[in-house]
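Okay, thanks for coming, everyone.

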Amino acid sequence: MKERVERKLEAVQEVPKKTSARKWTESAKKVRGLVANMYLRAVTEGKPVAWVMFTLANELFVALDAFPVYPENYAALCATKRVGEPFIDRAEADGFSNVTCSYARIGLGYSAIWQETGEIPLMAPDGGMGKPIMMVGSALVCDTRYKWFQTFSRYLDVPYYAFDIVSPPAETAHRPDVREQYMKYNLEQLKGLLSFMEERLEKKVDWDKLDEVVRRGEETYRWWFDAYMLGGSAVPCPFPAEDSFRCFVPAFFMMGEVEALEFYKDLYQEIKYKADNKIGSIPEEKYRLLWGGGLPPWHTMGIMDYVEERGAVFVFQAAYVPMPHVDIPDRITNPLERMVYSRYASAIMRAEIDKKLGLFGACNVIGHGNPVLFVDQFKIDGVVMHWLRSCRGTTIGQVYQKRLLEERSDLPVLFLESDMCDVRDYFEEDWKMKLNAFLETLEARKKGGG
Amino acid sequence: MAEGLNWAKRLYQNRSQRARELRNEGKKVMGYICCQPPVELITAAGMVPYRITGTLEPITEADAYLETLMCPYVRSCFDLGIKGRYDFVDGIIWPHSCDNIQKTSDIWKHYIPHSYFKYLEVPHMTDPSALEFFTAELKVLKRSLEEYAGVEITDERLEEAIKVHNESRTLLRELSSLRKQDPPLLSGTEMTQVVLAAMSIPVAECNEMLRNIIQEVKARKDGPQKAVRLLVYGCEIDDIAFINLMEGCGANVVIDDLCIGTKYYWKDVATDGSPLKNLADHYLGEVMCPRTFHRSPGTRQQDLDNRFGYIRDFAKEFNVRGAILYIIRYCDTFEFDVPEVRDYLQQAGLPVLHLEDDYSLTSIQGFKTRIQAFLEMMG
């Protein structure tokens, strides 16, 4: 197996083509360095490393001076570098279905090879993921987030903690008893996580520091939200989706750090300057597109360039949407309670919007936006959505959203199909053919005054 | 002879018939999907619990509402719903059991009209705070059912419902245990028919049917012949076709770990203390669905024993020679567990065959060849 994997790694090394998209903002250009630094620091700084799923709890790691490494981010990195395939092959050789999450298959394959060879796998970008002393998964967003990490124990003997984050459906979200019940549970779950971390790290959290980190996180969320909304609404678009697909990284994986806050302040200022001065990303913005759902094809982000060369730009993406501003009452001073309140309150706000739109909202999850909300706000001409063969979390509901769009407008909607990481599910000519036809439809609508 | 297996067979062949009759008599029929909604609450509210299932018929209308890259079982259930085949169901309880089911909830509610629809949040964890949360969720569900049915669900009513449903589980276990002997007195195909029938009629009628079946099976002389004894593991098998296929290849399916199978009846709901809490304990902690995270603070082996030891115990208790893992594609929580279950059972000395299917059994010929080879390998 080891030889087979090495041969495969040699083969992928020969990939000659640039597959990433060009970056339009200076902030987006910084992200690659942040990511590389994140993995480098995990290996070199000597801090305890945790492998973590995106859990909306990064602030705890910052406060406890632990180093979170996010295998889902690492999997996306492997995909952009086109080095994910050997890891995927390895996981599938162990019996994991080729429709299980490709983030997970990359992470599991990576760990399997690590276990077999005793070394960080060859070709692991950015020096690999640092060795963890704990793992943290959560049930936020999808089932994979706790199942995958549970499965890591096949290869890595590392204590694992999983916790829940629940949000109520729109129909009952307003009820005080429901609110109390959901917040109480989320708080208990977060407390459980903190206890686990304290035990693993053999130290108690400094509550003043946690408070500072959480409040910094709250400020970061606000800058992030403002930057993204401004980026989506500005005409011409200064901040296309390929940039926002990069710029969510500090919010997801560095929340609570000073660097993350500074990043979004800078991003906002950059977008504002460009918006004020009508500086768009492409010379002539003929069509404003919405990436309406589904994770992006990390393996071929360059497809965005292809679209832009034809006068269209994705002005917003609904896959990674910041939580809206939440005013946390002054009476809530405990930082854990502040974290829970902000997450819950934003879920309630989403629920209220859903109710106004006549939607039920049970399938909404924090971090994903309903395209219906954005088409008017961002002057959208057409919507593209991405079905992912290995992601139920962001794929199910896209047809429903298309139907909801059709009930409210006659905007064209295009479905593309591949996967976020598994390039074997991607057929470039098929995508280009569909995108060309879609752009022709938009052209015809414009000519016809539609 | 008292009506037994034929009763179940008729119900299996026309699952909705009795529910439709009862509805015409003025009863309310409450549909539910998956293993998490407590049927006891439905019974205590004076309604008929009816398990929503799919069909092996081709999916023809769901494509306009649901992606093809998702659980085909859920798609099939939806296809029946959108075609009006669940028009006899007054309401639906829709749990957050997995991504596929959770994310279909809005869509079902939006496009398939029922006079009642309740989404039930089910935590993924099983620690005390999760149990407390789920108990509170059940309390909200209880109140909602009371309002809909116009019936107060008192503790006494709920305790009585738990008692009769436990009786049902006891009878199903007794029936299942008649497969311990070799040859078994009951085939896996017949057992599947019985379980599906049980999920489509009021519990009191179900218990009467089960008593008749047990009496009949104990006395029967025309049971299955000796064959390779198998365990089948998987998610939603709501048709006899696959079980029948295995048995047609020369096996006796003598025990299962299936959603429409032992997960439904293997353990009773506790009867001491708060009935709502007992229901929460049971449906969250005791229904061994891979969607629920069972924390095990010990070693990896202890974790595996905690998660899969009961399957090994089934295999031992029912003296099986091998196991077939039948997984519906896109059922992620099962897909993640499959390599673990496979290795765990193999380490326990059981040969294992893993089949991944799109639920429609269109690959049935391919499966037949693989199952035959698997049985031949065991000699």
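Let me start with one pair of residues in chain B: Ile328(B) has Asp357(B) in S8(B) as its bridge partner. One thing before I go on: what you're looking at is a predicted model. That pair belongs to the pairing of S7(B) with S8(B), where six bridges join the two strands and they run parallel. On its other pairing, S7(B) goes with strand S5 of chain B, residues 228-234, again in the parallel sense and over five bridges. If you want a residue to look for there, take Leu231(B), whose bridge partner in S7(B) is Ala323(B).

Now a couple of helix pairs, still in chain B. First up, H8(B), residues 155-177, and H10(B), residues 203-219: their axes come within 9 Å and cross at roughly 20°. With that angle, H8(B) and H10(B) are therefore roughly parallel to each other, and the crossing is left-handed. On the H8(B) side the contact includes Val164(B), Ser168(B), Leu171(B) and Leu175(B), and on the H10(B) side the residues include Val203(B), Leu210(B), Ile214(B) and Val217(B). By class, the contact residues of this pair come out as 11 nonpolar, three polar and three charged.

The other pair is H9(B), residues 188-198, with H11(B), residues 241-248. These pack at an angle of about 165°, and their axes are 8 Å apart. That makes H9(B) roughly antiparallel to H11(B), and the crossing here is right-handed. Gly188(B), Thr189(B) and Thr192(B) make the contact from H9(B), and Ile243(B), Asn244(B) and Glu247(B) make it from H11(B). In terms of class, that's one nonpolar, four polar and one charged.

Over to chain A. Here we have an open sheet of four strands, in the order S6-S5-S7-S8, with parallel pairing. S6(A), 312-317, and S8(A), 413-418, stand at the edges with a single partner strand each, so one side of each has no neighbour in the sheet. The twist averages 30° from one strand to the next. S7(A), residues 382-388, is joined to S8(A) by six bridges, and the two run parallel; in S8(A), Val413(A) is the bridge partner of Val383(A).

Lying across S5 (287-293), S6, S7 and S8 of chain A is helix H17(A), residues 428-447, which runs at about 175° to S8(A). I'd like to zoom in on one residue of that helix, Leu442(A). Is Leu442(A) buried or exposed? Buried: there are 22 other C-beta atoms within 10 Å, and the cut-off for buried is 20 or more. Leaving out residues up to four places away in sequence, Leu442(A) touches Tyr287(A), Asp381(A), Gly382(A) and Pro412(A).

Last topic, the contact between the two chains. How many residues does each chain give? It's 43 from chain B and 46 from chain A. On the chain B side, the elements that give two or more residues are H5 (99-102), H6 (105-111), H7 (128-149), H14 (300-317), H15 (332-347) and S8 (352-357). The largest share of that side, eight residues, comes from H15(B). Sorted by class, the chain B side has 18 nonpolar, nine polar and 16 charged residues.

Definitions and conventions: Residues are numbered from 1 along each chain as its sequence is written. Chains are lettered from A and ligands numbered from 1 in the order in which they are written. This is a predicted model: local features need pLDDT of at least 70, side-chain atom pairs count only at pLDDT 80 or more; totals for chains, interfaces and linings use all residues. Axes are lines fitted to C-alpha atoms, for helices over the stretch in contact, and angles run from 0 to 180 degrees between N-to-C directions. Angles under 35 degrees count as roughly parallel, over 145 as roughly antiparallel, 65 to 115 as roughly perpendicular and the rest as oblique. A crossing is left-handed if the near helix is turned anticlockwise from the far one by less than a right angle, and right-handed if clockwise. Two residues are in contact if their C-beta atoms, placed from the backbone, lie within 7 Å. Ala, Val, Leu, Ile, Met, Phe, Trp, Tyr, Cys and Pro count as nonpolar, Asp, Glu, Lys and Arg as charged, and the others, Gly among them, as polar. Two strands pair if DSSP finds at least two bridges between them. A residue is buried if 20 or more other C-beta atoms lie within 10 Å of its own, exposed if 12 or fewer, and partly exposed in between; C-beta atoms are placed from the backbone.
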